[in-house]
Amino acid sequence: VQLQASGGGLVQAGGSLRLSCAVSGRTFSTYAMGWFRQAPGKERGFVAAISWSGGTTMYADSVKGRFTISRDNAKKTVYLQTNSLTPEDTAVYYCARGRTIEVVSTTPDYWGQGTQVTVSS
């Protein structure tokens, strides 16, 4: 299984980015997916997760109302729409896979390589 994250970049405060994570393998639609981020000097932390069907989502309090996670099982891709970005959102964003939405939000079994998001003030 490989997870390939993309879509990061440099954006001004208040702007938006749409991150994507393409997943190889046959079992994408049976796994929950998640996004994490790691800012310089900080530990990697949970951002959002989505169940295998897309019917259930979870968000960190810091991104609720601004970020939206979604998935397209036919394209084997999970997305993170990030809006109203602030400099505090600057981090490397990682996608991850887990057996359930509870597992992916705490102990994923696969990680992507990360994509850098930089928000300027």
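**Salt bridges, disulfide and pocket**

Colleague: Is D89 buried or exposed?
Modeller: Relative accessible area decides: buried means under 20%, exposed over 50%, partly exposed in between, using a 1.4 Å probe on protein chains only. D89 has a relative accessibility of 1%. D89 therefore counts as buried.

Colleague: What pLDDT do side-chain atom pairs need?
Modeller: Residues are numbered from 1 along each chain as its sequence is written, and side-chain values use heavy atoms, with hydrogens and water left out. This is a predicted model: totals for chains, interfaces and linings use all residues, local features need pLDDT of at least 70, and side-chain atom pairs count only at pLDDT 80 or more.

Colleague: How many salt bridges does the structure hold?
Modeller: Side chains of opposite charge can pair when their charged atoms come close. The cut-off puts a side-chain nitrogen of Lys or Arg within 4 Å of a carboxyl oxygen of Asp or Glu. The salt bridges in the structure number four.

Colleague: How far apart in sequence are the parts tied together by R37 and D89?
Modeller: The side chains of R37 and D89 form a salt bridge, N to O 2.8 Å. R37 sits in strand β4 (residues 32-38), D89 in the loop between β8 (77-82) and β9 (91-98). Helices (H or I, at least four residues) and strands (E, at least two) are DSSP runs, numbered from the N terminus. The pair therefore ties together parts separated in sequence by 52 residues.

Colleague: Is R37 buried or exposed?
Modeller: The relative accessible area of R37 is 15%. So R37 is buried.

Colleague: How many residues lie between R66 and D89 as a sequence separation?
Modeller: R66 and D89 also meet through their side chains in a salt bridge, 2.8 Å from N to O. R66 lies in the loop between β6 (57-59) and β7 (67-72), and D89 in the loop between β8 and β9. The pair links distant parts of the chain, with a separation of 23 residues.

Colleague: At what relative accessibility does R97, the salt-bridge partner of D109, count as buried?
Modeller: The closest N and O atoms of D109 and R97 are 3.0 Å apart. D109 is in the loop between α1 (101-104) and β10 (110-111) and R97 is in strand β9, so the pair ties together parts 12 residues apart in sequence. D109 counts as partly exposed at 40%. R97 counts as buried, at 6%.

Colleague: Which residues do salt bridges with shared partners join into one network?
Modeller: Shared partners make the network. Its members are R37, R66 and D89.

Colleague: Which residues does V63 touch, beyond those up to four places away in sequence?
Modeller: V63 lies in the loop between β6 and β7. At 0% relative accessibility it counts as buried. Contact means heavy atoms within 4.5 Å. With residues up to four places away not counted, V63 touches R37 and V47.

Colleague: Which residue does the disulfide join to C21?
Modeller: A disulfide is a pair of cysteine sulfur atoms within 2.5 Å. The whole structure has one. Here the S to S distance is 2.1 Å, and C21 is joined to C95.

Colleague: What is the torsion about the S-S bond of C21 and C95?
Modeller: C21 is buried at 0% relative accessible area, and C95 is buried at 0%. The disulfide is right-handed because the torsion is about 60°.

Colleague: Which residue of β8 is the bridge partner of C21?
Modeller: Two strands pair if DSSP finds at least two bridges between them. In β8, R71 has V78 as bridge partner. For C21, the partner in β8 is V78.

Colleague: What is the volume of the largest pocket?
Modeller: On a 1 Å grid over the protein atoms alone, a pocket is an open set of points where a 1.4 Å probe fits, with protein on both sides within 12 Å along at least five of seven lines; lining residues have an atom within 4 Å of a point. Points are joined across faces, edges and corners, and a volume is the space filled by probe spheres set on them. For the largest pocket, the volume is about 170 Å³.

Colleague: Which element gives the most to the lining of the largest pocket?
Modeller: The lining has 15 residues, with R37, A39, K42, E88 and A91 nearest the centre. The elements giving two or more residues are β4 and β5 (45-50). With three residues, the element that gives the most is β5.
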